[in-house]
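I'd like to walk you through one structure, so let me put it up on the screen.

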Amino acid sequence: MSDQIETASETAPEGETPSAKSADVAETTAPVATPEPGAKSEYQVLARKYRPKSFDELIGHGPMVKTLSNALESGRLAHAFILTGVRGIGKTTTARIIARALNCIGADGNGGPTIEPCGVCEHCRAIAEDRHVDVLEMDAASRTGVDDIRELIEGVRYRPTSARYKIYIIDEVHMLSKSAFNALLKTLEEPPEHVKFIFATTEIRKIPITVLSRCQRFDLRRVQTDELAAHYTRIAGLENAEIEEEAVTLIARAADGSVRDGMSLLDQAISHGAGKVTTQQVRDMLGLSDRSRIFDLFDFTMKGEINEALELLGAQYALGGDPPVMLQDMLDLTHWLTRVKLSPDAANDPGVSQIERERGKEIAAKLAMPQLTRAWQMLLKGLEETRIAPSPIQAAEMILIRLAYAAEMPPPGDLIKKLRQDMNNAGNGGGAPQGGGNGGGSGGPGPRMQVVNGGGASAVAHRRPDPLGEPEQVEQPVYAKMPETFEEVAELLGKDRETTGLAMQVKNYMHLVKYEPGRIEFRPARGAGSDLSTKLIKTLNGLTGHRWLVSVSEREEGAPTLKEQELEALEQRKADASQDPLVRAILDGLPKAKIVAVHLPPGQENPEGEEDESGSVYDDAFYLEGDDEL
């Protein structure tokens, strides 16, 4: 986890001591962590070399420092803390500082918990060097199981060897398994008085709520760009490196609120420039385009000067610019211009140069809000296309072409106003001539429109009949008869080829609970689609011209499905047929035969059964299946 450290060679005025007890302390001027005296001579990366050792050296975490300060003064210390935030903002470092604050005994050995650890007592030194036996760090990413937590719980009951508190720091705690969390719950709720837990995570949503409710939570925010820039400038000074102001601003932007990420970039930039860091070197290192060129590229594109825009894009690409990064810069610029359009004070951001500020105001004044929002949507979609395209530069060119031509389109509001104006002119006779021709001078008859209700917001446009043309025939829709039964609903759906599939779903998956014309209540069978009721409503509304209500019932069992009813009726007919004298005689003569279907001849569908001379009503009306032959 990263560590943010503040530089500051400045010292407090005489008679004053730095204090983190006030949230109003200017964090950007906090003292910087300096290397320990007698440290090893081999090189350490800046993120470790300047890791904070006290709360004064942290940046951007004033609310947390104030809370802990008041808790220490009043003795209201929680038994468990959880620190969350993005990578590189100092979660693990903060956990170690809390451990030092709780176990510090002061330079004279008689001190108590303090917000300002002395840094010289044996406990402070041991914790800083990661060798204290009572401060145990556990990486939950590699020790995720319940056995690891069981081992931790076994050690909780023993008192600390030398320190005031035994402190367990669990990094990336969200990686613990569900069983491990459950095993920890009881101990976390009622730990011994000598035990403190400090958790750190980047994925707070993955932590069970039962764990969160037992911890005091601190959300470590991203550090602002101006705070990071000031911090990196002081670090560069301590490293005897020269760095341009714009270069350090680029590094701070690229860090995206993470102190560690920016420290790593600063370390790389100092090595790249051999102690002298220029803006162009940082741009080359990060694959960024010249910021002024991004303004030019955006301006050319939005003015529709696509040739100039493509030439500039190609030139930046030849210089090493990455197409997705250039589009990302244009996307950021669009967002910034939109903010400037809404609030001109946004242009006074300290991280914006004077040239960018002037050009931004100029471009924002020329563009309408619909153009900016449309550019945002197109660039956002185009950025993803560029990242997955086989040739990113070709994809970027096509996106600029698309944006340039879309930028020339008038806003929808202007189109509506122009349409209403043309319609009013046509209705008042001030538009196109009656005999033919339109506003453009063409010879064909133009559309004749008339606005009623005064042309206001509720105006309705009607086409005026053309006296020279044929009268328009308005075809009235033909609706089916309203089904009286549920069976008729299935029959209606089965008549149209487009709805036969829905008819099969109705027969197979709907247990009817209640039916009346225009309303169906059913229980879906297993395998029914989740959108069955929605499809049925839409289809029946269109077929009958009436509004249908189809609801799902989970409580009522409902009748068997139509398919089940058909199968039941078939089995009953087969059973009845098997009792017929002629059919029974045939089945006795063919032991392996069985009845598969029964159909009464047309005109003989008498439920009571009128026997013929053979005593059978099923003459040539049944089908047998088997291996025997007559």
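**Aromatic pairs and a parallel sheet**

There are six aromatic pairs in this structure. Before I go further, please keep in mind that this is a predicted model.

Now look at where the two residues sit. Phe81 belongs to strand 1 and Phe218 to strand 5, so the pair ties together parts that lie 137 residues apart in sequence. Are they buried or exposed? Phe81 has a relative accessible area of 1%, and the cut-off for buried is under 20%, so Phe81 is buried. Phe218 comes out at 7%, so Phe218 is buried too.

Here is another pair for you: Phe486 with Tyr515. This one is tilted, with 6.3 Å from centre to centre and 55 degrees between the planes. Phe486 is in helix 19, residues 486-495, while Tyr515 is in strand 10, residues 510-516, so this pair ties together parts 29 residues apart in sequence. Both Phe486 and Tyr515 are buried.

And if you like clusters, find Tyr168, Phe197 and Phe199, which are linked into one by ring pairs.

What is the order of its strands? It is an open sheet of five strands, in the order 2-3-4-1-5, with parallel pairing. At the edges you'll find strand 2 (135-139) and strand 5 (216-219), each of which pairs on one side only. On average, neighbouring strands here are turned by 15 degrees against each other, ignoring direction.

What packs on this sheet? Helix 2, residues 62-74, does, and it touches strand 1 (80-84) and strand 5; the direction of helix 2 makes about 150 degrees with that of strand 5. Then there's helix 6, residues 178-189, lying across strand 1 and strand 4 and running at about 135 degrees to strand 4.

Let me zoom in on one strand pairing before I stop. How many bridges join strand 3 to strand 4? Six bridges do, between residues 166-171 of strand 3 and residues 195-201 of strand 4, and the two strands run parallel. If you want a place to start looking, Lys166 stands opposite Val195 in strand 4.

Notes:
Residues numbered from 1 in each chain as written. Predicted model: local features only at pLDDT ≥ 70, side-chain atom pairs only at ≥ 80, totals over all residues. Heavy atoms only, no water. Pairing = 2+ DSSP bridges. Helix = DSSP H or I, 4+ residues; strand = E, 2+ residues; numbered from the N terminus. Axes fitted to C-alpha atoms, helices over the stretch in contact; angles between N-to-C directions. Contact = heavy atoms within 4.5 Å. Phe/Tyr/Trp six-rings, centres within 6.5 Å; stacked < 30°, edge-to-face > 60°. Buried < 20%, exposed > 50% of the residue type's maximum accessible area, 1.4 Å probe, protein only.
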